[in-house]
Amino acid sequence: MLDQVHSDIGVNFVSNAWNLSVNDEDNNATFTAPNALLYADAASKQNRPADSKWDFLGVSSGQPIYILPQTQNASLLYLGASGEDTNPSDLAAYNETDPRVNSNGRWIKVAVQAIRGPGAFSVYSLDSGGNPTVWIDSADGITAEDAMFLPVGGHLHYNWAFSAKGIYEVDVIASSYRGANQTNPTSSNVTTYFFSVDPPAPVNTVPNGQTVPVNGTLAFSGANAISITGPNTTPKPLQVTLDVTAGSLTFGSLGGITIDEGSQGSSRIVVSGLPAQLNSALATLQYAPPADTNGTATLTVTTSDRGYFRPSRLPAQTDTDPISITISGTVPPGVPPVSPPGVPPVSPPGVPPVSPPGVPPVSPPNLPPLPNTGTIFGPPTRNHLMVSAADAGGGPHVRVYDATTGNEIANFMAFSPSFMGGVRIALGDFNGDGMTDIVAAAGPGGGPHVRIFDGVTFQEIASFFAYAPSFTGGVNLAVGDVNGNGTFDLITAAGPGGGPHVRVFDGPRLQPVLDFMAYDPSFSGGVSISAADINNDRRADIITAPFSQGGPHIRVFDGISGRDIVNFLASVSTTASGFTVAGLDLDGDFRAEIAIGTGPNGGGAVRIFNGQTGTLVSTELPFGLSAVGGVRVAATDTNGDGQYELVASRGPGDAPLTRIWSIADNVTTRELRPFDSAFLGGVWIAGN
């Protein structure tokens, strides 16, 4: 997504071949044309002037038109066209007779072949008197005159105009001559450029209130069908959430869509797919009310464009519509009222648990008192640690630091010294002494072995296998109080080869209490996890990202139900081999932001997003732009002031280095070199 930057449509003849691209000049990045979306937001909207010289824009006088201007405006994309990367000796000079050029030189002609979109598309330049020279004008159809001429080695800016909001596809062919006197012509294949112009939100079409008999079935088909409309042309998957207050929902046919959350026959189903696929499936949707029950229910339909057509600075667009359902008829006699299954009895509100009389709470001797406030992760602890562990090739070496001073206080081998698969780590109190303990899990090749070490003696206090012993893909870890009971819980996720399987173990019993798939069950790239309170309900939520492959699909799950509560595609490098995630509270509102580090090939940038909306908050560069193995992320509060710092470490291929990075000041506040500089296997980190 190119937005609010200086970008060029690159049209070049290089090494005897045409190369049509999109160049981000501000960030020195180049994209193939199909992989770039050129964005014009609402600020590009203006009204067409009255003079007839503007008729080519395809709208009447005073009507709105969207224009990316040829002069730079910091709030808009500044878009030009460039032939700068073409060597002048590769193309011959000729006399271009087009009256708009009428000049001898080395020219690259960019001719439009077709335009698909919701309105007219035009490209024009303005002279010093404000008079337009029209280069492309689709309002009167596509003709041979619809072309731009770029000087070889040159760089020009134009006005790019659109008569309606939506998605535009522009097919072009570049051509020139390699021989004198317009001989040896050469031309490119058809290349498509994509524009997103203040795209409209998806639109739901839902029926009016519905009625279903007791123990009957309601079909949402025909006149009662639910349908959705997304942005025109170049369809991308939309996400539809169906949530009914009572009863269950079932699709007769999925027709190619994917169930992201819930299941057939549940009260909440979240599905994604192309608009046509979604509408085909929605035409088979059926609702069944609770058995032997009358009354009312509400089905809420929410469609999201998932931010596909808008930059990360803007939220995804949604449309939400309720459908009221009346369940009519008489309940069969003799049927007792049914309580929801699995719901424990509720104690009277406001009654605290009772401790034995006269027995004061006992704290371990010689330890400072616990802080009286919790964190976005769980209850506070007395000791403040930061831990590093070697990744593959370095032995199961764990080093423990005082997070406040940066001094090393212990180091040990988490597994047999001969194990070389690496160690993943997390921190939390699991024996109830108020001190932070260290959780270690084996990386690939070691079985799903998890060990917990006391944070004072560094002796093992628990050990178990998180998955079947035969699984050797490694285990990723997170720790947080997901159920709000004042104790830390342990969250695990399978590494590559194990499916996107996430498990929650209740602390300190370490009994499994929740299992779910974070992504499609067929996904085998492993899952990165973190735990932090996203919505200020005083319970840590579970944050996930693809670990070693897949796009930057970030999901946040409720730790009790496993329900998906946040879901977005992060605007980070799409060339990265996986991602790491961490929750951290930047503003003290007990609503965690999400830091995302990229794996190998992803560069050195760490991006931080609003945990509830997925909006980009900041971009941090603890190691600059370059990082061979990417950047792994965690969070810490080194001085206990409630302002979290980013903990960043280098991945495989770089010398082992960990930096504590102040997001507020944009500087490194502490640097750790946990292992010998010759070790290039990467470092895992954890903070609290």
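The following conversation goes through a predicted model of a protein chain.

Student: What should I know about the model before reading numbers from it?
Tutor: It is predicted, so to speak, by rule: local features need pLDDT of at least 70, side-chain atom pairs count only at pLDDT 80 or more, and totals for chains, interfaces and linings use all residues. Residues are numbered from 1 along each chain as its sequence is written, and side-chain values use heavy atoms, with hydrogens and water left out.

Student: What share of the residues is buried?
Tutor: Of the 688 residues in the protein chain, 52% are buried, meaning under 20% relative accessible area with a 1.4 Å probe, protein chains only.

Student: Changing topic, how many aromatic pairs are there?
Tutor: The count is 22, where rings of Phe, Tyr and Trp (its six-membered ring) pair if their centres lie within 6.5 Å. Planes under 30 degrees apart count as stacked, over 60 as edge-to-face and the rest as tilted. Phe415 and Phe419 form an edge-to-face pair, 6.1 Å centre to centre with 75° between the planes.

Student: Are Phe415 and Phe419 buried or exposed?
Tutor: Phe415 is buried at a relative accessible area of 10%, and Phe419 is buried at 15%.

Student: Which residues form an aromatic cluster?
Tutor: One cluster consists of Phe121, Trp135, Tyr158, Trp160, Phe162, Tyr168 and Phe195.

Student: Where does the charged end of Arg538 sit?
Tutor: It sits over the ring of Phe590, 4.0 Å from the ring centre; the rule asks for NZ of Lys or CZ of Arg within 6 Å of the ring centre and within 35 degrees of the ring normal. Arg632 lies over the face of Trp684, at 3.8 Å from the ring centre.

Methods:
Buried < 20%, exposed > 50% of the residue type's maximum accessible area, 1.4 Å probe, protein only.
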